[in-house]
Amino acid sequence: MPNEPPRTPSPTPPRPSRRTADRADPTAGVVGAPIPAMPGGLPLLGHSLQLRSRPLEFVRELRRHGDIVAFRLGTRDAYAVNHPALIHQMLVDDAQHFVKGRMFEKGRMVARNGLFTSEGDFHLRQRRLIQPLLRRAHIKRYTATMSRIAGERVETWNDAQRIRMDRELFDLTLETVTRVLFSTRLGAHGTAAVQRSLPVLLEGLGRRALSPVDLPATLPTVMNYRFARARARMRAVIEAVIADRRSRSSGPDDLLGALLAARDEETGEGMSDEQVYDEVVTLLIAGTETTAGALSWACHLLSRHPDVQRRLQDELDTLPDGRDIGFDDFGQLPYLHQVIDETLRLHPSTWMLMRSPTADVTLGGRTLPAGSIVLFSLHALHRDPSLFAHPDVFDPDRWAPTRAGQLRTDAYLPFGAGVRGCAGEQFARAEMAVILGVVLRRRTLRPVSDRPVKPVVRLIPMPGPMPLTVHRRSRAGGAGADQ
Ligand code: HEM
């Protein structure tokens, strides 16, 4: 199985080593111990309404009831696994006893057998083929593209202009992923189609995953109609790109080219067009809104914490004038990585994940029945006061080498862990570092109002509309910011 990726693309500042366990280790709990139940379930609906109407609050409440808590999604039994050691056991040590379950079965409506949704040997094979394409050797090249795209975009922002930062960043991350995947631009029509389709698909998948009942996708509802149209639009754009590339004897050296050229080590077989489609759409879905959401939160937090923003700009100003941040600069920007770590702690893009045991599994002495829904929340984990002091406070210095040694290794999981951990972690971290670096070297971000920005939870908790003003720095890329 692929190794777990390191947390930051190298070269990096030295990561602090962190200690484990100062809370009682529950992995060897009393076998057969009863599982506490979450109060407040409704007949037939269980806790589904709570999970849908106030998801972030609900997962934090679940956490207060124990290391494993039983609740119901509709009439189905569900369990929340809350302790970091138990989550680690499920994702890493006992990963072979779990499949991804309901949330990901729904994902098959968009990508039938992509890296996110496939299971078993097939998943391992695909991961072996794709993971290396998202690793260090390639990322160095990708960062040049990322830097160029971000620089071009920032130059379109006028001084003191008010912009919808969340939209800008969605466009920017979409353009980055598509340019890395396809080299060339998708064209105005293709880009617009993907931009319109992705949010509809993510919203539809999230709603279906949390729905108490499995209603047929063919029911003639407005939601189903929009979902089907978005899926058809996306398919048409991507299939056209694949067909075009297959028709050429040689193509650009990009991720799509690598997917088309990939061969199974044992059989020598390549991927069918259907499989390439599944992987491309998976990378678009997994790699756009996740990073856009994290970047939006980072910009929001920096605009509300001018001291942190100034310190980050001071660090960025130590880079040589006249060129933007690149891969080789990462090692000299420890504070930038701390800001990214802290943003992903407060706002992990995947706030909640699911698994399902393939047979009865004992976890912390409790039995989770085969086929049950098992949920774990990175949001609740990262905001637990017993794991992170003052968990709701934005404090990048908690990741400083002098302090980070006090944190648990297994309590921070923005990219998941184990065999199903994020295949794009290095890509995402590089993209966040480059985009934040490029933006903050050239602009200072200021909030438009003091009103709290509320997360809008789909599959990913995105900040709601986020207008910011962007102020040109007097010596972009050098010292002397105009703050
Ligand atoms: C800040 C950005 C991102 C975050 C926080 C994030 C987070 C995650 C998490 C938590 C998982 C594990 C899901 C689970 O255990 O069920 C995951 C899986 C995955 N991610 Fe990411 N991700 C990000 C960006 C990306 C990017 C940029 C790509 C690709 C270019 C990507 C591709 C994938 C893929 C393919 C998987 C499935 C891996 C597998 O099951 O083998 N992600 N991601």
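1. An open sheet of 5 strands runs in the order S1-S2-S8-S5-S3, with mixed pairing. Its edge strands, each pairing on one side only, are S1 (68–73) and S3 (98–99). Strands are DSSP E runs of at least two residues, helices H or I runs of at least four, numbered from the N terminus. Two strands pair if DSSP finds at least two bridges between them.

2. This is a predicted model: local features need pLDDT of at least 70, side-chain atom pairs pLDDT 80 or more, while totals for chains, interfaces and linings use all residues. Residues are numbered from 1 along each chain as its sequence is written, and side-chain values use heavy atoms, without hydrogens and water.

3. S5 (353–357) and S8 (373–376) pair in the antiparallel sense over 3 bridges. Met354 has Leu375 in S8 as its bridge partner.

4. H17 has 18 residues and reaches 26 Å from first C-alpha to last. Of its 18 residues, 18 are buried (under 20% relative accessible area, 1.4 Å probe, protein chains only).

5. The ligand's iron atom has a single protein donor, Cys422 (SG), 2.3 Å away. Donors are N, O and S atoms within 2.8 Å of the metal (3.2 Å for Na, K and Ca); water is not among the atoms, so sites may look incomplete. Cys422 is in the loop between H16 (401–404) and H17 (425–442).

Terms used. Expected span 1.5 Å × (residues − 1). Buried < 20%, exposed > 50% of the residue type's maximum accessible area, 1.4 Å probe, protein only.
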